[in-house]
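Biologist: I would like to learn how to read this model feature by feature. Please take me through it.

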Amino acid sequence: MKNDAQKARALAQGQEAVVTVRRGSPGEAVRYQEFRVPYEPGMSILDALMWIRRYGDSTLAFRYSCINANACKECTALVDGKVAYLCTERLKPGGVTLEPLPKRRWIRDLVTDIVSPEERLGAAQRKEGETP
Ligand code: FES
């Protein structure tokens, strides 16, 4: 993987991919925003998102934890309409479109609620109050 200066040079040389991201939060009109990122064969989509957050838009919301271990599943999102892990899915030279998971409660940008309904505090408190 290239360091940041090498990536910036790659961008300046025109080796880039377009990452289109569904942005916003509930109650707002749906909008898609395009970001041009330096492209390197083998880089992950999560690499591209981290580059965007660092150099393009620090407000871009996405979630990750383990990075490449496929253990946390926090980075799950739709990549060109298919469910994928952003940390292991490779960025295509032609670019990708990213959207939040459709069957989860949407929080902002690519972040959805990953806690199952039974594990939420309110549900746990209700369970505690139940009589056996
Ligand atoms: S960051 Fe954990 S599976 Fe992708």
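Modeller: We go from the overall layout to the sheet, the core and a few single residues.

Modeller: First, the ground rules. This is a predicted model, in which local features need pLDDT of at least 70, side-chain atom pairs count only at pLDDT 80 or more, and totals for chains, interfaces and linings use all residues. Residues are numbered from 1 along each chain as its sequence is written.

Biologist: How many helices and strands are there in the chain?

Modeller: Helices (H or I, at least four residues) and strands (E, at least two) are DSSP runs, numbered from the N terminus. Here there are 3 helices and 7 strands. From the N terminus, the order is α-β-β-α-β-β-β-β-β-α.

Biologist: What is the strand order of the open sheet?

Modeller: Strands of a sheet pair through backbone hydrogen bonds, either parallel or antiparallel. Two strands count as paired if DSSP finds at least two bridges between them. The open sheet has 5 strands in the order S2-S1-S5-S3-S4, and its pairing is mixed. S2 and S4 (82–85) stand at the edges with a single partner strand each, so one side of each has no neighbour in the sheet. Neighbouring strands are turned by 35 degrees against each other on average, direction ignored. Axes here are lines fitted to C-alpha atoms, for helices over the stretch in contact, and angles run from 0 to 180 degrees between N-to-C directions.

Biologist: Which strands does S1 pair with, and are those pairs parallel or antiparallel?

Modeller: Take S2 to begin with. S1 (residues 16–23) and S2 (residues 31–38) run antiparallel, joined by 8 bridges. Ala17 stands opposite Val37 in S2, and Val21 stands opposite Gln33. S1 and S5 (residues 96–99) run parallel, with 3 bridges. There, Val19 has Val96 as its bridge partner.

Biologist: Where does H2 lie?

Modeller: H2 (residues 45–56) lies across S1, S2, S3 (76–79) and S5. Its angle to S2 is about 95 degrees.

Biologist: Which residues of H2 are buried?

Modeller: A residue is buried if 20 or more other C-beta atoms lie within 10 Å of its own, exposed if 12 or fewer, and partly exposed in between; C-beta atoms are placed from the backbone. In H2 the buried residues are Ile45, Leu46, Asp47, Ala48 and Leu49. S1, S2, S3 and S5 are among the elements that cover them. Over the chain of 132 residues, 20% are buried.

Biologist: Which residues have the most contacts inside the largest nonpolar core?

Modeller: In soluble globular proteins, nonpolar side chains tend to be buried together. A nonpolar core is a set of buried Ala, Val, Leu, Ile, Met, Phe, Trp, Tyr and Cys residues joined through C-beta atoms within 7 Å. The largest one has 20 residues, and Val19, Ile45, Leu49, Leu86 and Leu98 have the most contacts inside it. S1, S2, H2 and S5 each give two or more residues. H2 gives the most, with 4 residues.

Biologist: What does Ile45 touch?

Modeller: Two residues are in contact if their C-beta atoms, placed from the backbone, lie within 7 Å. Not counting residues up to four places away in sequence, Ile45 touches Val79, Leu86, Glu89, Leu91, Val96 and Leu98. For the chain, take contacts between residues at least 6 apart in sequence: 46% join residues at least 24 apart.

Biologist: Why does Arg36 count as partly exposed?

Modeller: Arg36 lies in S2. Arg36 is partly exposed because it has 14 C-beta neighbours inside 10 Å. Beyond four places in sequence, Arg36 is in contact with Glu16 and Val18.

Biologist: Which loop holds Asp109, and is Asp109 buried or exposed?

Modeller: Asp109 lies in the loop between S6 (106–108) and S7. With 23 C-beta neighbours inside 10 Å, Asp109 counts as buried.

Biologist: What is the phi of Asp109, and of Ile67?

Modeller: Most residues other than glycine have a negative phi. Asp109 has a positive phi of about 45 degrees. Ile67 also has a positive phi, of about 55 degrees. Ile67 is found in the loop between H2 and S3. Ile67 counts as partly exposed, with 18 C-beta neighbours inside 10 Å.
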